[in-house]
Structures are given as C-alpha cells and as structure tokens.
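Here are a few exercises to work through with the model open beside you. Try each one before reading its solution.

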Amino acid sequence: AWDIFRAFERYCFVDTGGYAGLDNVNEKSPQKRDKMDSFFLSETLKYLFLIFEDMRTFERQRDCGSNSVGTCPSEYNLKVPLEDFVFNTEAHPLRKFTVSDNTQQN
C-alpha cells in the first residue's frame, strides 16, 4: 500500500495541486491527463486511509466491550468503527443493521 501511495506522489501529483490521471500506466514515464477524476479523492484515498489505519485501534474498539462510538476511551474511538459499518463500492460507509424476527415484509 505504501508503494501505491508513493507511486501516486511520483507519477500523478501536479505541482499546482491535486493529482492527474495517466494515459498509460504501463509506460516508464507516463503522460499525465489534464484532469483529476472525482473518484480519486472520494474513493481511492478513503481506501488508502483504511489500509494505513492502525489495526490495534480497531481491536481496542472491539475489546472495549461496545460497538458504539463514544463509550470507549477517546483514544479508542474510531470515526468509522468497522464492526458497525461496511463500505459500498464508492467507499461510502453504511451502518450495519439486523433484521429482527418481528419485521414483516410487504
């Protein structure tokens, strides 16, 4: 994952700010496109954040005895505890839910 981040910095970073897509990732010195796709920030960087997040933090949250943010010491609280959320294909967190036996379907 660190190599991926370094490659973004080396090949995609634009001096004026932001990141550009590449015309051909198989070339040794690829040509940058004159745009940054919106999914780069909204999806790719979210997944990189999750890859780099300290797994001990996730385990402390779990071992705290609660899946709720705010009930553990502040250093154990996550913005998105993985035991309570899943991510869709666009890296948006969705809270998990359970269907009770009382739920009726129409």
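**Exercise 1.** Is Phe 5 buried, partly exposed or exposed?

*Solution.* Start with the ground rules: this is a predicted model, in which local features need pLDDT of at least 70 and side-chain atom pairs count only at pLDDT 80 or more, while totals for chains, interfaces and linings use all residues. Residues are numbered from 1 along each chain as its sequence is written, and side-chain values use heavy atoms, with hydrogens and water left out. Next, take the relative accessible area of Phe 5, which is 28%. Buried means under 20%, exposed over 50%, and partly exposed lies in between (1.4 Å probe, protein chains only). Phe 5 is therefore partly exposed.

**Exercise 2.** Classify the ring pair of Trp 2 and Phe 5.

*Solution.* Recall the rule: rings of Phe, Tyr and Trp (its six-membered ring) pair if their centres lie within 6.5 Å; planes under 30 degrees apart are stacked, over 60 edge-to-face, and the rest tilted. By this rule there are 4 aromatic pairs. For Trp 2 and Phe 5, the centres are 5.4 Å apart and the planes 25° apart, a stacked pair. Both residues sit in helix α1, 3 residues apart, about one turn of the helix. Helices here are DSSP runs (H or I, at least four residues), numbered from the N terminus. Trp 2 is partly exposed, at 49% relative accessibility.

Now compare a second pair. The planes of Phe 13 and Tyr 19 stand at 70° with ring centres 5.5 Å apart, so this pair is edge-to-face. Tyr 19 is buried at 16%, whereas Phe 13 is partly exposed at 30%. Ring pairs also join Phe 8, Phe 13, Tyr 19 and Phe 40 into a cluster.

**Exercise 3.** Describe how α1 packs on α2.

*Solution.* First, the geometry: α1 (residues 2–12) and α2 (residues 38–52) pack at about 145°, their axes 10 Å apart. Axes are lines fitted to C-alpha atoms over the stretch in contact, and angles run from 0 to 180 degrees between N-to-C directions. Then list the residues in contact (heavy atoms within 4.5 Å): Trp 2, Ile 4, Phe 5 and Phe 8 of α1 meet Phe 40, Thr 44, Leu 48 and Phe 52 of α2. These comprise 7 nonpolar, 1 polar and no charged residues. Ala, Val, Leu, Ile, Met, Phe, Trp, Tyr, Cys and Pro count as nonpolar, Asp, Glu, Lys and Arg as charged, and the others, Gly among them, as polar.

Note on methods:
Helices (H or I, at least four residues) and strands (E, at least two) are DSSP runs, numbered from the N terminus.
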